[in-house]
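Here are my notes on the structure, as numbered points. Please read them with the model open beside you.

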Amino acid sequence: MPWRIVKRRLGRAGGFKERTARQRQWDRQYGDGAWEIGYAIDGGFISQQDAIASIYNASYEAHFEQHPEDLDELVALARTLRNPHARATSGVDLQIPAIRACLARRGLRLQGTDVVDIGAWKNQASHPISIRLSPLQIKVIGDPKMTLEKFWQSKKCLAVWEED
């Protein structure tokens with residue numbers, strides 16, 4: 001009983017109302033619980049929940065391994081993290097949880113005094129590290145030519161469960 005990809009390149013998740021409306025449409029079309037958002041990888045399908053850990057969080061983890069100075073700067077500078085794009089659009093925030101997971105795995109906590117944006121909104125960011133840690137800049141694990149954001153949007157797909 002495999003997942004069958006029925007739509008590729010879903011694009012951005014959108015705000016809360018847009019996401020909810022789209023999910024209701026898929027419930028009507030495919031059945032409640034019979035569809036899943038995920039990623040097309042190497043001819044297969046991986047659920048979004050699994051991709052968050054194995055791709056999204058792993059990409060931030062790899063970035064901090066390759067750029068420990070970014071991790072040191074973030075820990076020293078930030079008191080808290082903020083995703084300005086998600087706040088402005090009611091979009092999904094994946095980068096803050098990914099960074100927090102990286103910190104937790106290392107037994108680190110933020111020690112600074114600033115609110116540090118991760119990413120930007122309308123070309124405004126709180127600090128230079130805000131841009132360096134944006135998913136528009138972080139390289140996706142396994143492909144140093146592609147950013148995490150580009151991967152996350154271009155490989156996103158809708159799959160339905162097929163009974164044998």
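1. Val160 counts as buried in this predicted model. Its relative accessibility is 7%, and buried means under 20%, so Val160 falls within that class. Val160 is found in strand 8.

2. What does Val160 touch, once its neighbours within four places in sequence are left aside? The contacts are Pro2, Trp3, Arg4, Val6, Tyr30, Ala34 and Trp35. For a separation along the chain, take Ser90: Val160 and Ser90 are 70 residues apart in sequence, and 26 Å lies between their C-alpha atoms.

3. Strand 8 covers residues 156-161 and is joined to strand 1 by five bridges. The two strands run antiparallel. Within strand 8, Trp161 stands opposite Trp3.

4. In what order do the four strands of the open sheet come? The order is 1-8-2-3, with antiparallel pairing. Strand 1 (3-8) and strand 3 (44-47) are the edge strands, since each of them pairs on one side only. From one strand to the next, the twist averages 50°.

5. Two helices lie across strands of this sheet. Helix 1, residues 16-30, lies across strand 1, strand 2 (35-41) and strand 8. Helix 1 runs at about 100° to strand 2. Helix 2 lies across strand 2 and strand 3, and its direction is at about 85° to strand 3.

6. Helix 2 (residues 48-66) also packs against helix 3 (residues 68-77), at an angle of about 100° and with the axes 4 Å apart. Helix 2 is therefore roughly perpendicular to helix 3, because angles of 65 to 115 degrees are put in that class. On the helix 2 side the residues that meet helix 3 are His63, Phe64, Glu65 and Gln66. Their partners in helix 3 are Pro68, Asp70, Leu71 and Leu74. Sorted by class, this contact has four nonpolar, two polar and two charged residues.

7. Is Gln153 buried or exposed? Gln153 has a relative accessible area of 17%. The limit for buried is under 20%, so Gln153 is buried. Gln153 lies in helix 7, which spans residues 148-154. Apart from neighbours within four places in sequence, Gln153 is in contact with Arg9, Gly11 and Arg12.

Terms used: Residues numbered from 1 in each chain as written. Predicted model: local features only at pLDDT ≥ 70, side-chain atom pairs only at ≥ 80, totals over all residues. Heavy atoms only, no water. Axes fitted to C-alpha atoms, helices over the stretch in contact; angles between N-to-C directions. Parallel < 35°, antiparallel > 145°, perpendicular 65-115°, else oblique. Contact = heavy atoms within 4.5 Å. Nonpolar A, V, L, I, M, F, W, Y, C, P; charged D, E, K, R; others polar. Pairing = 2+ DSSP bridges. Buried < 20%, exposed > 50% of the residue type's maximum accessible area, 1.4 Å probe, protein only.
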